[in-house]
Amino acid sequence: MEPSSPQQSSPQQPSARLKHSVSGGVATVVISNPAKRNAMTAAMWRALPGLLAELAADPGVRALVLTGDGDTFCAGADISTLSEPGDEQQALAVRAEEALAAFPKPTVAAVRGYCVGGGCQLAAACDLRFAEEGARFGVTPAKLGIVYPASSTRRLVSLVGPSAAKYLLFSAELIDDARALRTGLVDEVLPGGELEGRVAEFARVLLSRSLLTQAAAKEFAAGRADRAGHWAAEARRSDDTAEGVAAFLKRRAPRFTYGAEQGAFGG
């Protein structure tokens, strides 16, 4: 988690917050701390799990986009807001990261500019990452002598492979969008000005597919083979399979309904 560079500001950082909105089935969460390149304050780390739980429980939310305010995704953690910068900062970041990784619906990080330290930690916890040309990525604890969390290290290795993860962790070097795409840290790189439109277009694709399939695949990809019985029962209870087959045979767009009712993700 890279701390932001020191700047004169109030410890409370009243302008630092997580903004969110829901439109057309897509929740958008914006990391906003413009004075410090969208660095995450202690209050923001603490607020993220609760906000995600609220959005996960909303049947009107089918996908989530995480992005930064303006031309930066997130420059790291704002250690000036933490009374104990070491273990406390790491525990807050890990809780937020794990809550994001566990979000039961598809998540996409839309990245502009710097995505460094805690920002890269959050982006890696999303299911997919779309970046604008010029984005820069870094995992930087080696600059500060910090032991990167075991869970975060495993997630990074799973995403980019052992060699690329070691390059990032050992060197703390920033990599450009082309290298991030090549290693698998990023899924798509868009020309300047096209990121927002492409993410919106892709979100519409996600919303047109079965949330039953997406939610089960997300858990299985995370190694939750113990949930196979749960998802088999959910498939039997849902009308999505019958609807999907009927739509295919009739050559029409399917109208999937799984997740539209409250409580679909309760167990």
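Helices (H or I, at least four residues) and strands (E, at least two) are DSSP runs here, numbered from the N terminus. With that in hand, welcome to a predicted model, in which local features need pLDDT of at least 70, side-chain atom pairs count only at pLDDT 80 or more, and totals for chains, interfaces and linings use all residues. Residues are numbered from 1 along each chain as its sequence is written, and side-chain values use heavy atoms, with hydrogens and water left out.

## Overview

The protein has 10 helices and 9 strands. Of its 267 residues, 47% are buried, where buried means under 20% relative accessible area, exposed over 50%, and partly exposed in between (1.4 Å probe, protein chains only). The protein exposes about 12600 Å², and carbon and sulfur atoms supply 55% of that area. Accessible areas come from the Shrake-Rupley method with a 1.4 Å probe; for residues, only the protein chains shown count as cover.

Contact means heavy atoms within 4.5 Å. Among contacts between residues at least 6 apart in sequence, 72% join residues at least 24 apart.

## The nonpolar cores

A nonpolar core is a set of buried Ala, Val, Leu, Ile, Met, Phe, Trp, Tyr and Cys residues joined through side-chain atoms within 4.5 Å. The largest one has 48 residues, of which I31, L64, L66, F73 and F137 touch the most other members. Elements giving two or more residues to this core include strand 2, strand 3, helix 2 (87-101) and helix 4 (150-160). The largest share of this core, 8 residues, is from helix 1.

Setting aside neighbours within four places in sequence, L66 is in contact with V29, I31, F73, L100, V108, A109, A110, L122 and C126. There is also a second, separate core of 12 residues, including V108, L195, F202 and A203.

Helix 3 is mostly covered, with 8 of its 8 residues buried; among them are C120, Q121, L122 and A124.

## Empty space

Rolling a probe the size of a water molecule over the atoms shows where empty space is left. On a 1 Å grid over the protein atoms alone, a cavity is a set of points where a 1.4 Å probe fits but cannot get out, while a pocket is an open set with protein on both sides within 12 Å along at least five of seven lines; lining residues have an atom within 4 Å of a point. Grid points are joined across faces, edges and corners, and a volume is the space filled by probe spheres set on the points. By this rule there are 2 cavities of 30 Å³ or more.

| Space | Volume | Largest share of the lining |
|---|---|---|
| Second largest pocket | about 320 Å³ | helix 7, 5 residues |
| Largest cavity | about 60 Å³ | helix 3, 3 residues |
| Second largest cavity | about 40 Å³ | helix 7, 4 residues |

For the linings, Ala, Val, Leu, Ile, Met, Phe, Trp, Tyr, Cys and Pro count as nonpolar, Asp, Glu, Lys and Arg as charged, and the others, Gly among them, as polar.

The second largest pocket holds about 320 Å³ of space. Of its 13 lining residues, T28, V65, E196, V199 and A200 are the closest to its centre. Strand 1 (17-23), strand 2 (26-32), strand 3 (63-68) and helix 7 (195-208) each supply at least two residues of the lining, which divides into 7 nonpolar, 4 polar and 2 charged residues.

The largest cavity is lined by E97, C120, Q121, A124, V139, Y148, S152 and L156. By class, these are 5 nonpolar, 2 polar and 1 charged.

Lining the second largest cavity are A63, V65, V108, F130, V199, F202, A203 and L206, and this lining has 8 nonpolar, no polar and no charged residues.

## Backbone details

G138 lies in strand 7 (residues 136-138) and is buried, with a relative accessible area of 0%. Its C-alpha atom is separated by 4.5 Å from that of L174, 36 residues apart along the chain. Beyond neighbours within four places in sequence, G138 is in contact with C115, V116, G117, C120, E173 and L174.

Most residues other than glycine have a negative phi. N38 has a positive phi, near 60 degrees; N38 sits in the loop between strand 2 and helix 1 and is buried at 1% relative accessible area. A172 also has a positive phi, of about 60 degrees, although A172 is not a glycine. A172 is found in the loop between helix 5 and strand 8 (175-176), and counts as buried at 3% relative accessibility.
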